[in-house]
Amino acid sequence: MTKLPDNPELLKLYRNGFSDKEIAVQFDVTVQAVNMRLQQMGIKRAPFRTMAKEILEAAWRLRQKRDGVNSFT
């Protein structure tokens, strides 16, 4: 299992909008490990923001597929 990056790098990922799940996959750790570290840093995610991000990303993929646009994600 790979370790999480140091706090400044983790904070950068958080500020760039990566979800706990995306960070966990990137570093091959559990979502809980990411969440625990962020909480230790004083960061608490609002669940509705994560859900909204996932909904918007899914809608964007559907629109690209419908319009025949190649997805960059």
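Student: Leaving aside neighbours within four places in sequence, which residues is L10 in contact with?

Tutor: Contact means that heavy atoms lie within 4.5 Å. Once its neighbours within four places in sequence are left aside, the residues in contact with L10 are P5, I23, R37, L38 and M41.

Student: What kind of model is this?

Tutor: Residues are numbered from 1 along each chain as its sequence is written, and side-chain values use heavy atoms, with hydrogens and water left out. Local features need pLDDT of at least 70, side-chain atom pairs count only at pLDDT 80 or more, and totals for chains, interfaces and linings use all residues, for this is a predicted model.

Student: In what order do the elements of the protein chain run from the N terminus on?

Tutor: Helices (H or I, at least four residues) and strands (E, at least two) are DSSP runs, numbered from the N terminus. The protein chain has four helices and zero strands. From the N terminus on, the order of its elements is α-α-α-α.

Student: What percentage of the 73 residues of the protein chain count as buried?

Tutor: A residue is buried under 20% relative accessible area, exposed over 50%, and partly exposed in between, with a 1.4 Å probe and protein chains only. By this criterion, the share of the 73 residues that count as buried is 22%.

Student: Which residues make up the largest nonpolar core?

Tutor: A nonpolar core is a set of buried Ala, Val, Leu, Ile, Met, Phe, Trp, Tyr and Cys residues joined through side-chain atoms within 4.5 Å. In soluble globular proteins, nonpolar side chains tend to be buried together. Here the largest nonpolar core has ten residues in all: L4, L10, L13, I23, A24, F27, V29, V34, L38 and I43.

Student: Which helix gives the most to this core?

Tutor: At least two residues of the core come from each of α1 (7–15), α2 and α3 (31–40). With three residues, the helix that gives the most is α2.

Student: Within what arc do the buried residues of α2 fall, seen down its axis?

Tutor: The buried residues of α2 are D20, I23, A24 and F27. The arc is that of the directions from the helix axis to the C-beta atoms. Because these buried residues fall within a limited arc, they line one face of the helix, and the value of that arc is 100°.

Student: Which exposed residues does the face of α2 turned away from its buried side carry?

Tutor: What covers the buried residues of α2 includes α1 and α3. The face turned away from the buried side carries the exposed residues K21 and V25.

Student: What distance separates the C-alpha atoms of D20 and V34?

Tutor: D20 is placed in helix α2 (residues 20–27), and D20 counts as buried because its relative accessibility is 9%. Not counting residues up to four places away in sequence, D20 touches V31, V34, N35, L38 and R45. D20 and V34 are 14 residues apart along the chain, yet the distance between their C-alpha atoms is 5.9 Å.

Student: What separates the C-alpha atoms of A24 and V34?

Tutor: A24 also lies in helix α2, and A24 counts as buried because its relative accessibility is 3%. Leaving aside neighbours within four places in sequence, A24 is in contact with V29, T30, V31 and V34. A24 and V34 are ten residues apart along the chain, and their C-alpha atoms are separated by 6.3 Å.

Student: Is S19 buried or exposed?

Tutor: S19 is placed in the loop between α1 and α2. Not counting residues up to four places away in sequence, S19 touches R45 and K53. Because its relative accessibility is 8%, S19 counts as buried.

Student: What is phi of D28 near?

Tutor: D28 is found in the loop between α2 and α3. With a relative accessible area of 48%, D28 is partly exposed. Its phi is positive in a residue other than glycine, with a value near 55°.
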